[in-house]
Amino acid sequence: MATLLKNLTNSLIETRQRYAMLKDHGIESMSTIYPDTPWNAEIYYHLLATLPKEIDRLEQRILKIENNFKVCQ
């Protein structure tokens, strides 16, 4: 359980960082964040639209696991 929580937390941190970098530095940051992915405006705007949803999903999953862990103690 601790490993899952740690992995989800790391994913949340990395996803937040990627989203912030895309927002702050624009489409040019795609080559830094996703070096193996050919980038274009469509992918860039898709990521801007979907990463906040992924951040919310990860936050909710972490909270659910933490709450379940507290109940079990």
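Trainee: Before I go on, what am I looking at?
Mentor: This is a predicted model, in which local features need pLDDT of at least 70 and side-chain atom pairs count only at pLDDT 80 or more, while totals for chains, interfaces and linings use all residues. Residues are numbered from 1 along each chain as its sequence is written, and side-chain values use heavy atoms, with hydrogens and water left out.

Trainee: Good. How many helices and strands does the protein chain have?
Mentor: The protein chain has three helices and zero strands. From the N terminus on, the elements run α-α-α.

Trainee: What about the overall dimensions?
Mentor: The C-alpha trace spans about 50 × 20 × 20 Å along its principal axes. The protein chain has a radius of gyration of 15 Å, whereas a compact globule of 73 residues would have one near 11 Å. That radius is taken over C-alpha atoms, and the globule rule is 2.2 Å times the number of residues to the power 0.38.

Trainee: And how much of the protein chain counts as buried?
Mentor: Of the 73 residues, 21% count as buried. Buried means under 20% relative accessible area, exposed means over 50%, and partly exposed is in between, with a 1.4 Å probe and protein chains only.

Trainee: Back to α1. How far apart are its end C-alpha atoms?
Mentor: They are 34 Å apart, which agrees with the 34 Å that the 24 residues of α1 should span at 1.5 Å a residue. The expected span is 1.5 Å times one less than the number of residues.

Trainee: Which residues of α1 are buried?
Mentor: Leu-8, Leu-12, Thr-15 and Leu-22.

Trainee: What does Thr-15 touch, not counting residues up to four places away in sequence?
Mentor: Leu-51, Glu-54, Ile-55 and Leu-58. A contact means heavy atoms within 4.5 Å.

Trainee: Switching to charges. How many salt bridges does a search of the whole structure find?
Mentor: The search finds two salt bridges. A salt bridge is a side-chain nitrogen of Lys or Arg within 4 Å of a carboxyl oxygen of Asp or Glu. Arg-16 forms one with Glu-59, with the closest N and O atoms 2.5 Å apart. That pair links distant parts of the chain, with Arg-16 in helix α1 and Glu-59 in helix α3 (residues 41–72), 43 residues apart.

Trainee: What about aromatic pairs?
Mentor: The count comes to one aromatic pair. Tyr-44 and Tyr-45 pair edge-to-face, 5.0 Å centre to centre with 75° between the planes. Rings of Phe, Tyr and Trp (its six-membered ring) pair if their centres lie within 6.5 Å; planes under 30 degrees apart count as stacked, over 60 as edge-to-face and the rest as tilted.

Trainee: Which is buried and which is exposed, Tyr-44 or Tyr-45?
Mentor: Tyr-44 counts as buried at 8% relative accessibility, while Tyr-45 counts as exposed at 53%.

Trainee: Last one: where is Trp-39 found?
Mentor: Trp-39 is found in the loop between α2 (30–33) and α3. Trp-39 is partly exposed at 38% and touches Ile-27, Met-30 and Ser-31, not counting residues up to four places away in sequence.

Technical notes:
Helix = DSSP H or I, 4+ residues; strand = E, 2+ residues; numbered from the N terminus.
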